[in-house]
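User: Hi, I'd like to go through this structure with you. Can we keep it quick?

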2 protein chains.
Amino acid sequence: MQLTHFTDLGIRVLMYLTHSRPEPIKISEIVEQFQVPRNHLIKVVNKLAKLEWVLTTRGRNGGLQLAIAPTSLTLGTIIRQLEGCSQLIDCEKAKCKLSVGCQVKSFLDNGLKAFYEEMNRYTLADTVKGQTGNNIIKMHMSYA
Amino acid sequence: MQLTHFTDLGIRVLMYLTHSRPEPIKISEIVEQFQVPRNHLIKVVNKLAKLEWVLTTRGRNGGLQLAIAPTSLTLGTIIRQLEGCSQLIDCEKAKCKLSVGCQVKSFLDNGLKAFYEEMNRYTLADTVKGQTGNNIIKMHMSYA
């Protein structure tokens with residue numbers, strides 16, 4: 001049970017932008033910082049833009065900027081939106097013969113609800129609280 | 001974020017055995033019921049035997065039997081043991097540059113704790129409560 005790479009990268013992009021310089025951040029900077037395939041990053045950025053959490057601008061001075069206050073976006077909302085699948089097991093895919101009367105799915109749904117309730121206690125701003133003035137700032141300085 | 005196929009099948013094997021006839025259940029019966037590769041099932045069964053939740057006996061009348069009372073095994077314990085990995089993200093694998101001071105991992109750990117607390121409210125016996133006298137019994141009858 002792990003978050004998808006898509007969600008993982010989405011969270012990191014949002015964290016990076018939370019600590020970014022005022023000007024837009026280039027895709028190439030994030031590719032280099034996180035050592036991820038550009039195509040994979042672009043898919044993630046497109047999703048973040050569609051959710052209106054990230055603003056993308058084109059041109060020589062274009063790039064990515066956070067479009068939302070980091071204090072207003074919870075980690076629960078981020079994970080729920082980026083994960084896509086909202087179920088821990090796919091009873092249909094396996095055509096499970098135990099499905100009639102099976103309680104597992106509803107128990108897992110309750111577990112997931114408890115997980116998201118906990119995740120909604122934290123905002124994007126909280127995730128980078130320990131990073132003020134340290135490595136992210138240094139990373140950005142090297143691109144300034 | 002989904003349970004692994006390994007965990008998914010492990011839960012189903014335990015549920016099947018919870019409703020089984022008194023005599024040992026053949027591996028071939030479970031392969032046919034769940035339409036899973038025999039090798040995959042054997043790996044799962046070996047793990048369940050190692051955990052001392054399932055008793056395996058060899059020979060013509062051999063097979064699988066539950067070795068533990070279904071009321072004494074929680075769904076949380078089952079999932080935690082079968083999942084293997086206890087973290088929702090692997091910060092080391094990606095060599096994440098945000099790791100210093102990053103709060104995400106500890107927030108996710110708290111979320112996972114909330115998930116398992118909820119899962120520990122349910123036992124293996126609870127998972128099949130809706131199934132007494134219905135499809136599982138019918139499945140077994142076809143093999144009696």
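Analyst: One term to start: a crossing is left-handed if the near helix is turned anticlockwise from the far one by less than a right angle, and right-handed if clockwise. Helices (H or I, at least four residues) and strands (E, at least two) are DSSP runs, numbered from the N terminus. This is a predicted model: local features need pLDDT of at least 70, side-chain atom pairs count only at pLDDT 80 or more, and totals for chains, interfaces and linings use all residues. Residues are numbered from 1 along each chain as its sequence is written, and chains are lettered from A and ligands numbered from 1 in the order in which they are written.

User: Which way does helix 2 of chain B pass helix 3 of chain B?

Analyst: The crossing is right-handed. On the helix 2 side, B:Ile27, B:Ile30 and B:Val31 make the contact (C-beta atoms, placed from the backbone, within 7 Å). Helix 3 of chain B brings B:Arg38, B:Leu41, B:Ile42 and B:Val45.

User: What's the angle between helix 2 and helix 3 of chain B?

Analyst: About 120°, with the axes 10 Å apart. Axes are lines fitted to C-alpha atoms, for helices over the stretch in contact, and angles run from 0 to 180 degrees between N-to-C directions. The two helices are therefore oblique to each other. Angles under 35 degrees count as roughly parallel, over 145 as roughly antiparallel, 65 to 115 as roughly perpendicular and the rest as oblique.

User: What sits in the loop between those two helices of chain B?

Analyst: B:Gln35 has its place there. Its phi is positive, about 50°, although B:Gln35 is not a glycine.

User: Is B:Gln35 buried or exposed?

Analyst: Exposed, because B:Gln35 has 10 C-beta neighbours inside 10 Å. Buried needs 20 or more other C-beta atoms within 10 Å, exposed 12 or fewer, and partly exposed is in between; C-beta atoms are placed from the backbone.

User: New topic. How many helices and strands are in chain A?

Analyst: Seven helices and two strands. From the N terminus, the order is α-α-α-β-β-α-α-α-α.

User: How do the strands of chain A run?

Analyst: Antiparallel, with four bridges joining strand 1 (residues 54–57) to strand 2 (residues 63–66). Pairing takes at least two DSSP bridges. A:Val54 has A:Leu66 as its bridge partner. The strands form a hairpin with five residues between them, and A:Gly59 in the turn has a positive phi of about 100°.

User: Which residues have the most contacts inside the largest nonpolar core?

Analyst: A:Leu14 and B:Leu14, in a core of 67 residues. A nonpolar core is a set of buried Ala, Val, Leu, Ile, Met, Phe, Trp, Tyr and Cys residues joined through C-beta atoms within 7 Å.

Key. Two residues are in contact if their C-beta atoms, placed from the backbone, lie within 7 Å.
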